[in-house]
Amino acid sequence: MRIGKFKSLFCIEKLMILSIIATERKRGNSVLASKYIAKKLGEELEIINLAKKEIKPCKACYQCLYGKDCKIEDDVEKILQKIGVADRVIIVSPVYWLSAVGKLKAFLDRCFMAIRYYEMFKGKRCIVLTPHGFDDLVGWASATHLVLARILGLDVLANIELRSALPGEVFTDGETIKKLDMAVNILKKGERVVMDSQCPVCMSAIFRVRNGKLECPICGTLLTQNLEVIEKGERFSQKWVVEHFSVELIELKERYREIKEELKKAVDELGV
Ligand SMILES: Cc1cc2nc3c(=O)[nH]c(=O)nc-3n(C[C@H](O)[C@H](O)[C@H](O)COP(=O)(O)O)c2cc1C
């Protein structure tokens, strides 16, 4: 038997981990965290850096919701296709001024058209990691990262904040390394892990106050101050996403068609 044939008989194909990052740092914490996880898992890694991609703003034409191709020519379709062939997805992007990096938000805005790929994306294991410099400045970036994962239909197993300010610090902070190892185990086992102070339904780490109760701004779950579920919310669940895109948003567009002239007249009358 030739060695090549012998090798291919016993060759176990590696999984493809796709890491979606958005940073100009070549050896920054997002890149290093991605490489660490893929290496520990012994799987292939492909990194898509949104910061280096052409991502134009959504024109809000809604045509993609009717199954039509997006008229905007840029890299978004190619990125979505990459997600389609990945086995696992890591969304790892830093906090910039309490929020998500602009390029990641630009990509999320264009994810109206992601509904066309929903069946391909649905249920892929995903982990959300958010490097940040200061524990008291984590803000709401991870909430945006979570929404991106949910809009894509990915199966979010954990939402982990990684304290790491300087490039490489993701490996020098003991607590952060523990969290990276936790991410490796979670992705390997496919088990969902909710961190302290997160919504038990969708893992959001931020909340709104409504009538003296806490409301998760992502899934809409109502919670006590101790984060016990009072009423479970469904927003951004797979069922909700499909319904929102295929019913609610289509109805909205149809309503616009019906009352377009009325709206135009009202605006014209105000003379602005
Ligand atoms: C423009 C800018 C804004 C930032 N804003 C914050 C912030 O609001 N909160 C925070 O904790 N860290 C902030 N940081 C620090 C980054 O989140 C941190 O350095 C992170 O590790 C960068 O990830 P990267 O190495 O993958 O690029 C900011 C960094 C930059 C460059």
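Modeller: Helix α2 passes α7 in a right-handed crossing. A crossing is right-handed if the near helix is turned clockwise from the far one by less than a right angle, and left-handed if it is turned anticlockwise. This is a predicted model: local features need pLDDT of at least 70, side-chain atom pairs count only at pLDDT 80 or more, and totals for chains, interfaces and linings use all residues. Residues are numbered from 1 along each chain as its sequence is written. Helices (H or I, at least four residues) and strands (E, at least two) are DSSP runs, numbered from the N terminus.

Now the geometry. α2 and α7 (residues 174-189) pack at an angle of about 50 degrees, and their axes are 10 Å apart. That makes α2 oblique to α7. Axes are lines fitted to C-alpha atoms, for helices over the stretch in contact, and angles run from 0 to 180 degrees between N-to-C directions. Under 35 degrees counts as roughly parallel, over 145 as roughly antiparallel, 65 to 115 as roughly perpendicular, and the rest as oblique.

Next, the residues at this crossing. With α2 oblique to α7, α2 brings A33, Y36, I37, K40 and L41 to the contact, and α7 brings L180, A183, V184, L187 and K188. By class, the contact of α2 with α7 has eight nonpolar, no polar and two charged residues. Two residues are in contact if their C-beta atoms, placed from the backbone, lie within 7 Å. Ala, Val, Leu, Ile, Met, Phe, Trp, Tyr, Cys and Pro count as nonpolar; Asp, Glu, Lys and Arg count as charged; the others, Gly among them, count as polar. The spacing of such lists has a simple background. An α-helix has 3.6 residues a turn, so residues three or four places apart point the same way.

Take Y36 of α2. Y36 has 18 C-beta neighbours inside 10 Å, so Y36 counts as partly exposed. The cut-offs: a residue is buried if 20 or more other C-beta atoms lie within 10 Å of its own, exposed if 12 or fewer, and partly exposed in between. Y36 is 199 residues from R235 in sequence, and the two are 33 Å apart in space, C-alpha to C-alpha.

α2 also turns up at the ligand. α2 (29-41), β4 (95-96) and β6 (125-132) each supply at least two residues of the shell around the ligand. There are 20 residues around the ligand, and T23, G28, S30, P94 and G133 come nearest. A residue is near a molecule or strand if its C-beta atom, placed from the backbone, lies within 6 Å of it. The shell divides into 11 nonpolar, eight polar and one charged.

Follow α7 onward. The loop between α7 and β8 (208-210) holds M203. Its phi is near 75 degrees, a positive value in a residue other than glycine. Most residues other than glycine have a negative phi. M203 is buried because it has 24 C-beta neighbours inside 10 Å.

L104, K105 and L108 of α4 meet T144, V147, L148 and I151 of α6. This contact has five nonpolar, one polar and one charged residues. In α6, 10 of the 11 residues are buried, so α6 is largely enclosed by the rest of the structure. Among the buried ones are T144, H145, L146 and R150. After α6 comes G153, with a positive phi near 80 degrees.

Last, the whole protein. The protein has eight helices and 11 strands. Its C-alpha trace spans about 80 × 50 × 35 Å along the principal axes. Of the 272 residues, 36% are buried. Among contacts with a separation of 6 or more, 70% join residues 24 or more positions apart.
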